[in-house]
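Hi everyone, thanks for coming. Let me put the structure up, and then I'll walk you through a few spots.

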Amino acid sequence: MMLGSTPGWPAVLADGAVLLRPYKRSDARAWSEVRIANQKWLAPWESSPPGPWSEMNSTRAYAYVYSDMKRAARRGDSMPFAVCLDDRLVGHINLGNIVRRAFSSAYAGYWVDARVAGRGVIPTALALAVDHAFGPGGLHRIEVNIRPENGPSRRVVEKLGFREEAYHQRYMHIDGAWRDHLGYALTSEEVAAEGGLLARWRRVRA
């Protein structure tokens, strides 16, 4: 487990077969397998360091990724979760760039194995993470920035009722160019009356 100074961290969150937990050093092989298998699904949307995808997502690379996540969590800058389905690692959610005091905000980023996409795994996982952020995590606002062309990722936040509130031109360097992004956001007040984001998502699915 990652020992951190972030309120509410570390944490294990679950809803049915979907489980969010801190990463472990022993996740290297599972993380590498799912990342390499999903190159075509993930590479167009991620800001990745230069180099072959297989090398950047090898078990050796995971050692550096894991160390970076652990350091950020200890500083209170982020809450990185491994997303598991029936105990198998199938995705990732990070609440990063956490700012406290008057801002009390974070950015959410996520990805999921294409082999389980469309089954509600990431909307459920994001709802769990946001409810935790607004509760034990002590945050007030969560932002998500997504390329306009990334339909599956946009559908996740739109299903959950995030507001589209901004268009960021040339926001991030991805896949060889500066890419525009749509900005979505949600505040704790927007879901408090509904019993939280997970409760909202359950009603939407029903």
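So, look at Asn-38: a polar atom of its side chain sits 2.7 Å from the backbone nitrogen of Ala-114. Asn-38 is in the loop that runs between helix H1 (28-37) and helix H2 (39-42); helices here are DSSP runs of H or I, at least four residues, and strands are runs of E, at least two, numbered from the N terminus. Beyond its neighbours within four places in sequence, Asn-38 is in contact (heavy atoms within 4.5 Å) with Ala-43, Val-112, Asp-113, Ala-114 and Arg-115.

Is Asn-38 buried or exposed? It counts as buried, because its relative accessibility is 3%; buried means under 20% relative accessible area, exposed over 50%, and partly exposed in between, with a 1.4 Å probe and protein chains only.

Before I go on, this is a predicted model, where local features need pLDDT of at least 70, side-chain atom pairs need 80 or more, and totals for chains, interfaces and linings use all residues. Residues are numbered from 1 along each chain as its sequence is written, and side-chain values use heavy atoms, leaving out hydrogens and water.

Asn-97 has a phi of about 50 degrees, and it's in strand S4 (residues 88-99). Asn-97 is exposed, at 57% relative accessible area. Arg-170, in strand S7 (residues 163-174), has a phi of about 45 degrees, and at 56% relative accessibility Arg-170 is exposed too.

Last one: Trp-9 and Pro-10 are joined by a cis peptide bond, with omega about 0 degrees. Pro-10 is in the segment before strand S1 (13-15).

Terms used
Polar contact = N/O pair within 3.5 Å; in protein donor to acceptor, adjacent residues only side chain to side chain.
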